[in-house]
Amino acid sequence: MEPESSWLLHTLYALCFILLLLLSPRLALFLYLLRLKLWCSCEICEAYLSLSWAKSFDNLCDWYAHLLKCSPTRTILIHVLGNIITANPENIKYMLKTRFDNYPKGKPFSLILGDFLGRGIFNVDGDMWRFQKNMASLELDRSSIRSYAFEIVRCEIEKRLLPLLVSFSGKEEDDDGVLDLQDIFRRFSFDSICQFSFGLDPECLQLSLPLSEFAVAFDLASRISAERAMAVSPLVWKIKRRLNIGSEKKMKEAIRIIDMLAQEVMRRKREMGLSTHKDLLSRFMRTVEDETYLRDIVISFLLAGRDTVASALTSFFWLMAKHPEIRSAIQAEADRVLGPNQEPKSFEQIEKLHYLQAAVYESMRLYPPVQFDSKFCQQDDVFPDGTFVKRGTRVTYHPYAMGRMEEIWGPDCLEFKPERWLRDGVFCSENHFKYPIFQGGFRVCLGKEMALMEIRSVCLSLLRRFHFELVSPHHSTPRFSPGLTSTFRDGLLVWVREKRGS
């Protein structure tokens with residue numbers, strides 16, 4: 001505990017700083033940087049602080065991609081953030097595998113995401129991470145669990161998603177006919193992950209119902225957590241949190257709602273009983289007694305299963321609207337492998353659709369659901385490209401930028417080209433460090449196969465039955481909102497037309 005006088009001094013300083021922040025944010029930032037001797041006048045840092053990069057780039061990730069392409073080592077340093085950013089596959093292998101123990105998530109990042117994710121698997125290291133990884137792996141590797149997940153997804157598609165889209169079909173001239181696919185995919189993936197992970201059905205995929213208060217709170221907590229991570233200094237958000245003002249006041253309210261949902265999920269699970277249920281949460285609840293820890297596990301499941309899947313689907317259908325020839329190739333493959341208008345009957349049948357798999361991978365190469373991921377260096381180190389990494393430095397690898405590197409993907413790297421993943425018509429994956437969409441090394445995504453099954457199932461069902469036309473097709477690049485996962489700033493607004501004979 002701080003002495004009362006020390007706390008009062010800190011509070012008075014914080015109040016003065018917040019007042020200055022409200023009156024003149026740039027002056028406040030300048031004085032803080034000057035006080036900590038962090039001011040840097042290099043071109044990159046000045047562009048970051050002044051936001052002048054936004055004059056030439058629609059998104060921060062596009063500016064980073066430009067800087068990384070211009071760097072001989074494909075590595076840059078943002079001095080005012082104390083952040084090394086790399087798109088070099090050798091560096092990424094070094095971080096995620098060779099020197100894994102030297103690049104944990106780290107306490108600074110755990111603090112940034114702590115209010116939201118707590119001690120969930122995405123925000124911890126060491127024994128706590130290993131425990132959650134091992135528990136989840138035991139379940140996700142079972143064929144029975146994969147079949148269970150497949151049936152959940154198929155049922156959600158056939159009984160909710162398809163009827164909903166049919167109800168919007170053919171209303172191009174009607175304002176009520178405009179549909180936000182990003183919103184639809186979030187509702188769909190939220191229903192699916194809740195049924196798979198918790199054995200509960202929130203029934204979000206009904207537009208007659210408003211988006212749940214929880215989903216709104218979840219989105220807000222994700223956005224504010226991302227803004228914390230992008231801040232030049234943690235001092236500002238920490239002060240706002242202590243004083244309970246601004247975005248941190250909104251964060252506190254969002255976390256309250258999220259906690260209520262997690263508690264309700266656990267209460268209902270106990271009422272239903274744990275011994276006979278296949279869902280992941282039942283397994284954890286039979287082992288873990290700490291209610292707060294269980295809450296953190298619940299939230300991590302939701303972040304993994306809802307946001308990343310919805311993001312991947314949104315980008316995929318944005319690309320499909322611009323590439324009718326690839327839509328046709330996916331449908332032709334399905335007709336050939338499964339039979340005309342025949343749906344896949346199992347997890348294994350989905351895996352026979354190699355061109356569809358290639359198109360999904362290619363979509364995520366250009367628009368990864370998680371555009372970057374960060375670790376913190378434990379001890380002084382040197383990357384394979386010669387970059388010195390000082391202890392305590394935040395190190396970020398950037399899949400979004402990597403998808404735009406010619407030396408990784410060739411001179412056609414900016415093209416949407418599923419064929420780059422095929423060898424004699426058979427899908428062939430790349431190593432995780434060239435394509436770190438699912439991370440790599442020891443922290444590779446445990447739910448990768450489940451997520452791919454869900455994404456491919458939705459893509460196939462919708463492409464065979466509907467044609468989607470973008471309401472605002474003029475943007476050559478999506479505009480993204482701040483968040484832990486990639487989110488289209490204005491949604492994905494489309495008109496829907498049901499195909500004849502489908």
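Which strands does helix α5 (residues 89-98) lie across, and at what angle does it run to β7? I shall come to the answer by way of the sheet.

First, the basis. This is a predicted model, in which local features need pLDDT of at least 70, side-chain atom pairs count only at pLDDT 80 or more, and totals for chains, interfaces and linings use all residues. Residues are numbered from 1 along each chain as its sequence is written, and side-chain values use heavy atoms, with hydrogens and water left out.

The open sheet has four strands in the order β1-β2-β7-β4, with mixed pairing; strands are DSSP runs of E, at least two residues, and helices runs of H or I, at least four, numbered from the N terminus. Two strands pair if DSSP finds at least two bridges between them. At the edges, β1 (75-78) and β4 (373-376) each pair on one side only. Strands β2 (residues 83-86) and β7 (residues 394-397) are parallel, over four bridges, and Thr86 stands opposite Tyr397 in β7.

Helix α5 lies across β1, β2, β4 and β7, at about 120 degrees to β7. Axes here are lines fitted to C-alpha atoms, for helices over the stretch in contact (heavy atoms within 4.5 Å), and angles run from 0 to 180 degrees between N-to-C directions.

Finally, Cys445. The UniProt annotation "binding site", from an unreviewed entry, covers Cys445; such annotations may be inferred rather than shown by experiment. Cys445 lies in the loop between β9 (426-427) and α20 (448-465). Cys445 counts as partly exposed because its relative accessibility is 33%, between buried (under 20%) and exposed (over 50%), with a 1.4 Å probe and protein chains only.
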